[in-house]
Amino acid sequence: MPDDDLKQAAQLHRRWRGIGPVLFAIFYSLFFAAHLKLEKTAVYLKDDVVFAANTAAFCTDLTSEPAQAGARGSGQGSAFLLLHHHPARVMAVLWLLFSDSPVAAARHAVAAMTSAAGALTVVLLYLTLMCCGVARLRAVLFASVLGVSTAVGLF
């Protein structure tokens, strides 16, 4: 590999080093604040409000005991439940230290995982744009537009 290519690759890695974690922190905070604002509304408390989503059922399935997991709508053998059940249960136990009810802790645990997924989507778009050679400011702008879009914020 020529010397110029190595220098260019090093510059590319140096350019995105600090902005990714900053974007993650900003959008995680934004999404979790939206959860706290919408927590007592019909979006969380009632199913089939947004695009026939089973929000309450999935939240209950993710944080219920392993024997009852999947009984409310996500399916007991679904890949979603297999991948996310144990981390959600661990986070629910951690949130139980900070909240007064197990239901609120379960809701916060699922919201923390969902907020992290949304923030990771923004960071991964930013990193993809940087790898494609888009300027740093433009990549931040495009990733931020994705993060504040209604679709990502709602889901």
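Predicted model: local features only at pLDDT ≥ 70, side-chain atom pairs only at ≥ 80, totals over all residues.
Let me begin inside the protein, where Leu23, Phe27, Phe31, Ala119, Val122, Val123, Tyr126, Leu129, Met130, Val134, Ala139 and Ala143 make up the largest nonpolar core, with 12 residues in all. By a nonpolar core I mean a set of buried Ala, Val, Leu, Ile, Met, Phe, Trp, Tyr and Cys residues joined through side-chain atoms within 4.5 Å, where buried stands for under 20% relative accessible area, exposed for over 50%, and partly exposed for what lies in between, with a 1.4 Å probe and protein chains only. Helix 2 (19-38), helix 6 and helix 7 (136-147) are the elements that give two or more residues to this core, and helix 6 supplies its largest share, 6 residues. A second, separate core has 6 residues, among them Cys59, Leu62, Ala88 and Met113. In soluble globular proteins, nonpolar side chains tend to be buried together.

Residues are numbered from 1 along each chain as its sequence is written, and side-chain values use heavy atoms, with hydrogens and water left out.

Turning to the chain as a whole, its secondary structure comes to 8 helices and 0 strands, helices being DSSP runs of H or I with at least four residues and strands runs of E with at least two, numbered from the N terminus. Of the 155 residues, 31% count as buried.

Which residues does His108 touch, leaving aside those up to four places away in sequence? They are Phe32, His35, Leu36, Glu39 and Trp95, where a contact means heavy atoms within 4.5 Å. His108 lies in helix 6 (residues 102-131), and it counts as buried because its relative accessibility is 11%. The side chains of His108 and His35 are also joined by a polar contact of 2.8 Å; that term covers a pair of N or O atoms within 3.5 Å, of which, within protein, one must be able to donate a hydrogen and the other to accept it, and residues adjacent in sequence count only if both atoms are side-chain atoms.

Helix 6 also holds Ala104, which counts as buried because its relative accessibility is 16%. Between Ala104 and Ala92 there are 8.9 Å in space, C-alpha to C-alpha, and the two are 12 residues apart in sequence.
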